[in-house]
Amino acid sequence: MAKGYWVSAYRSVSDPEKLTAYNKLAGPAVEAEGGRMLAGGGRVVAHDTGVAELTVLIEFDTFEQAVSAHESAAYQEALAALSDGVERDFRIIEGVD
C-alpha cells in the first residue's frame, strides 16, 4: 500500500502568533494520527518557477491515513487557530508503491 504525504509550502506568514498557535496544536494532532515529520523549517533551494519558502513534508503509512488525519477533529482545531495567519499551498499526495 502506498504511503501518503502532506506537502505544505508557506507563501507568506502574516501573523506569526497564529502560526505558533497552529504549530502547538498541529504537531500532536499529526502524531496522534501516525504522521511523521520528514522535513520542515530547513534550507530550501528552488528551481524553475519555484520559490524558496518554508516547506513542510509529513509522511503517513497510507494515503488514506493522510486524508483522515487532515479531517480529524484535533487537526481541524489547529486549522482554526491558524485561520488567516498564513498563505500556503497544502497538498496531500500518494506515494509510489
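## Helix α3 and its surroundings

The buried residues of helix α3 pack against strand β1, helix α1 (16-32), helix α2 and strand β4 (86-94). This description, like everything that follows, refers to a predicted model. Helix α3 itself covers residues 73-82, and its buried residues are Tyr75, Ala78 and Leu82. Viewed down the axis of α3, these buried residues fall within an arc of 55°, so they line one face of the helix.

Just after the helix, Ser83 takes a positive phi of about 50°.

## Aromatic pairs and the cluster

One of the buried residues of α3, Tyr75, also belongs to an aromatic cluster, which is made up of Trp6, Tyr22, Phe60, Tyr75 and Phe90. The structure holds four aromatic pairs. Among them, Trp6 and Phe60 form a tilted pair, with 5.2 Å from centre to centre and 50° between the planes. Trp6 lies in strand β1 and Phe60 in strand β3, 54 residues apart, and the pair therefore links distant parts of the chain. Both Trp6 and Phe60 are buried.

Tyr22 and Tyr75 form another aromatic pair, this one edge-to-face, with 6.0 Å between the centres and 75° between the planes. Here too the pair links distant parts of the chain, with Tyr22 in helix α1 and Tyr75 in helix α3, 53 residues apart. Both Tyr22 and Tyr75 are buried.

## A network of salt bridges

A search of the whole structure finds seven salt bridges. In one of them, the side chains of Lys3 and Glu59 meet at 3.3 Å, N to O. Lys3 lies in the segment before β1 (4-13), whereas Glu59 is in strand β3 (residues 55-60), so this pair ties together parts that are 56 residues apart in sequence.

Since Arg36 lies in strand β2 (residues 36-40) and Glu59 in strand β3, the pair ties together parts that are 23 residues apart in sequence. Arg36 is partly exposed, with a relative accessible area of 30%.

Arg36 forms a salt bridge with Asp61 as well, at 3.0 Å, N to O. Because Asp61 lies in the loop between β3 and α2 (63-71) and Arg36 in strand β2, this pair ties together parts that are 25 residues apart in sequence. Asp61, at 43% relative accessibility, counts as partly exposed. Through such shared partners, salt bridges join Lys3, Arg36, Glu59 and Asp61 into one network.

Definitions and conventions:
Residues numbered from 1 in each chain as written. Predicted model: local features only at pLDDT ≥ 70, side-chain atom pairs only at ≥ 80, totals over all residues. Heavy atoms only, no water. Salt bridge = Lys/Arg side-chain N within 4 Å of Asp/Glu carboxyl O. Helix = DSSP H or I, 4+ residues; strand = E, 2+ residues; numbered from the N terminus. Buried < 20%, exposed > 50% of the residue type's maximum accessible area, 1.4 Å probe, protein only. Arc of directions from axis to C-beta. Contact = heavy atoms within 4.5 Å. Phe/Tyr/Trp six-rings, centres within 6.5 Å; stacked < 30°, edge-to-face > 60°.
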